[in-house]
Amino acid sequence: MQQQIINFNMTTTNIDVQVNNHHKDATDSNRKVWDAIADWWELKHSESGNDGTDMFTECLLPQVKDLASWKEGETVLDLGAGSGIICRMFAKNGAKVTGLDYSQPMLDKARKRAESDGLAVEYDFIDLMDIDNMKDYASKHPEKFDIITISTTLKSLPSLEPIAEALPLLLKPGGRVVNVDLHPAFSKPAGHRGMEVFEDPETGKQQLQTYIKVMRYLNIPPSQSEAVRGQPEPLVGQTASAERFLTNYRQTTYHRPFWSLLDPFFRNGLVMDAMREPAFETKGGDPEHPQSYHNFPQTPMLLAFRLKHR
């Protein structure tokens, strides 16, 4: 009987180790993807002359600005800052902003852009899957932050437990956390865009009808996804031991239904007090690109919500 108990404990420990190793491997793999596409990301998010693609400028940034309700003198922390799009939005308004990310090439892009724009933004490293790393950062910044923003980042995390535990350590009393990510029901990998072209019997002209097809929602396994459509692939590089490997430039994303997305934050003393579901409002849509979300005005591409201390 005693031997069985020991084996059970060992099995439980082994499972925990396997889960932690999986999370580390997945995080390292995603980081390598962001490292590799940093140049491409910056190019795609600046080619229109705006700071960010249309998803950022028309849907994401307005929601972050609205839900954050930044006031003069308040500090902002952007987790998963990437190349610094959200940091620059707040810094241009005069906020004291800090951006944290785990990709050094992306942070290099952010620092270079802030310098060229004449903006004072502090950038540093953080691993959102490493609770000890986040606790250490929090202990070095006891002043905490008024606003914490997280955009298109949670979907890349194998687990939300570390960041959910760390947020109360980083947030001032009365502060707020603003998260924006792909909509869990209407965006990939749950929601798939569908299109039908039919002829209007009254006008004789072709009409485009769009819809979202949701075949699975509650239990969807991790899936591969491009960070930016059309990004180059594959990348052939070399490891430190000079063995050749193939990286396909795709990141692993983790779908979560609403309850699974919010529950870790609720269990760590945060409550949701606002939510938005932004969609494109392009008049006439985008006839040349039927699959574009500009042709889905009734379907929110993103989910935005705000959290506060309980």
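**Predicted model: contacts, burial and a pocket**

Q: What share of the contacts in the protein chain between residues at least 6 apart in sequence join residues at least 24 apart?
A: In the protein chain, 70% of the contacts between residues at least 6 apart in sequence join residues at least 24 apart, a contact being heavy atoms within 4.5 Å. The model is predicted, with local features needing pLDDT of at least 70 and side-chain atom pairs pLDDT 80 or more, while totals for chains, interfaces and linings use all residues. Residues are numbered from 1 along each chain as its sequence is written, and side-chain values use heavy atoms, with hydrogens and water left out.

Q: Why does Ser 83 count as buried?
A: Buried means under 20% relative accessible area, exposed over 50%, and partly exposed in between, with a 1.4 Å probe and protein chains only. Ser 83 has 2% relative accessibility and therefore counts as buried. The residue lies in the loop between β1 and α4 (85-91). Leaving aside residues up to four places away in sequence, Ser 83 touches Trp 41, Glu 42, Arg 88, Met 106, Lys 109 and Ala 110.

Q: What makes the buried residues of α6 line one face of the helix?
A: In α6 (residues 131-140), a helix being a DSSP run of H or I with at least four residues, the buried residues are Ile 131, Asn 133, Met 134, Tyr 137 and Ala 138. Seen down the axis, they fall within an arc of 160 degrees, so they line one face of α6; the arc is that of the directions from the helix axis to the C-beta atoms. Asp 132, Ser 139 and Lys 140 are exposed on the other side. The buried residues pack against β1 (75-79), β2 (96-101), β3 (121-125), β4 (145-151) and α7 (161-170).

Q: Why is α7 called largely enclosed by the rest of the structure?
A: Seven of the ten residues of α7 are buried, so the helix is largely enclosed. They are Pro 162, Ile 163, Ala 164, Ala 166, Leu 167, Pro 168 and Leu 170.

Q: Which residues are the closest to the centre of the second largest pocket?
A: The second largest pocket has a volume of about 230 Å³. Of its 19 lining residues, Lys 155, Asp 181, Leu 182, Tyr 254 and His 255 are the closest to the centre; a lining residue has an atom within 4 Å of a point on the 1 Å grid. β5 (171-182), β8 (223-226) and β13 (302-309) each give two or more residues to the lining, strands being DSSP runs of E with at least two residues.

Technical notes: 1 Å grid on protein atoms, 1.4 Å probe; cavity = no way out; pocket = protein on both sides within 12 Å on 5 of 7 lines; lining within 4 Å. Points joined across faces, edges and corners; volume = space filled by probe spheres on them.
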